[in-house]
Amino acid sequence: MTRKIESQKPWLRDDDTEERNQKARIAYEALLTVTARIPETEEYKNFSREVKEIAKNDYNFDYGQEEVNTFVTAFHEAVLLYSIALNETLAEGYTVSNGSIIIQKMWNRTFEGITGKVTIDENGDRDADYSILDLNPETGVFEVVANYIGTEKQVVDEPGKSFHWAGGRETPPSDNPKCGFDMSKCPKNKGK
């Protein structure tokens, strides 16, 4: 399934020439983009639909086909986490102003949010999911080719998709230049 990404063709400018657009498209073939993963849960779909309705009815803003930014759901889940921790704090007889107890109850826990399983580690950081987008050379559209699942600490390929390496490469480029960044890995030419 190809999901709609905010700007599927960032290389395309309606007010530019075809030649310049094609040069930009070729340049974008070397770009991989990492973005927050769009959840596939029913809860997220319903939440997204409701956000779009409220935006249109109350603020005269139309999302059109654009996805609701995942930061909106993150804020919602942050309030959910706070309320869970606050309720536990109060149930144990502490006061609402005891911030250190509330924070302790927020860390190192997992709960179900609208995006699915939400995990907060022992440092208070969320284990977030990300998608890797690559330009499909046939359509010129950025598509999800892999996802990083934060709770599992692993990258999972998107079924039926693959990375398209720039310049016709079959494999990713090396993460280090052959001679190193400072040429220290190549012997000096003694003839010069």
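Is I54 buried, partly exposed or exposed? I looked it up, and I54 is partly exposed at a relative accessible area of 46%. My cut-offs are under 20% relative accessible area for buried, over 50% for exposed and partly exposed in between, with a 1.4 Å probe and protein chains only.

**Ground rules**

I am working on a predicted model, where local features need pLDDT of at least 70, side-chain atom pairs count only at pLDDT 80 or more, and totals for chains, interfaces and linings use all residues. I number residues from 1 along each chain as its sequence is written, and side-chain values use heavy atoms, with hydrogens and water left out.

**Entry: nonpolar patch**

I placed I54 in helix 2. Helices (H or I, at least four residues) and strands (E, at least two) are DSSP runs, numbered from the N terminus. I then found I54 in a nonpolar surface patch with Y59 and F61, and together they have about 360 Å² of accessible area. Patches take residues with over 30% relative accessible area and no salt bridge; like charges are joined within 9 Å, and nonpolar side chains (Val, Leu, Ile, Met, Phe, Trp, Tyr) within 5 Å. The areas come from the Shrake-Rupley method with a 1.4 Å probe, and for residues only the protein chains shown count as cover.

**Entry: positive phi**

I checked N60 and found phi near 55°, a positive value in a residue other than glycine. N60 sits in the loop between helix 2 (42-59) and helix 3 (70-91), and it is exposed at 72% relative accessibility. M183 also has a positive phi, about 70°, and is not a glycine. I located M183 in the segment after strand 6 (154-157), partly exposed with a relative accessible area of 49%.

**Entry: aromatic pairs**

I searched the whole structure and got three aromatic pairs. The rings of Y28 and F142 have centres 6.3 Å apart and planes at 80°, so I log this pair as edge-to-face. Rings of Phe, Tyr and Trp (its six-membered ring) pair if their centres lie within 6.5 Å; planes under 30 degrees apart are stacked, over 60 edge-to-face and the rest tilted. Y28 is in helix 1 (residues 18-28) and F142 in strand 5 (residues 142-149), so distant parts of the chain, 114 residues apart, are linked. Y28 is partly exposed at 25% relative accessibility, while F142 is buried at 2% relative accessible area.

I also noted F163 and W165, whose ring centres are 5.3 Å apart with planes at 10°, so this pair is stacked. F163 is partly exposed at 27%, and W165 is partly exposed at 23%.

**Entry: salt bridges**

How many salt bridges does a search of the whole structure find? I got 11. A salt bridge is a side-chain nitrogen of Lys or Arg within 4 Å of a carboxyl oxygen of Asp or Glu. Side chains of opposite charge can pair when their charged atoms come close.

I looked at D129 and R37, a salt bridge with the closest N and O atoms 3.9 Å apart. D129 is in the loop between strand 3 and strand 4 and R37 in the loop between strand 1 (32-36) and helix 2, 92 residues apart. D129 is partly exposed at 28% relative accessible area, and R37 is partly exposed at 21% relative accessibility.

K161 and E143 meet in a salt bridge at 3.0 Å, N to O. K161 lies in the segment after strand 6 and E143 in strand 5, so the pair ties together parts 18 residues apart in sequence. K161 is partly exposed at 25%, whereas E143 is buried at 8%.

K56 and D62 also form a salt bridge, 3.9 Å from N to O. K56 is partly exposed at 46%.

**Entry: D121**

I found D121 in the loop between strand 3 (116-120) and strand 4 (130-135). D121 is buried without a salt bridge, and K153, the nearest side chain of opposite charge, is 6.1 Å away. Here Lys and Arg count as positive and Asp and Glu as negative, and His and the chain ends are not counted. Leaving aside neighbours within four places in sequence, D121 contacts W107 and N108; contact means heavy atoms within 4.5 Å.

**Entry: R25**

I found R25 in helix 1, buried at 15% relative accessibility. With neighbours within four places in sequence left aside, R25 has contacts that include W11, L135 and P137.
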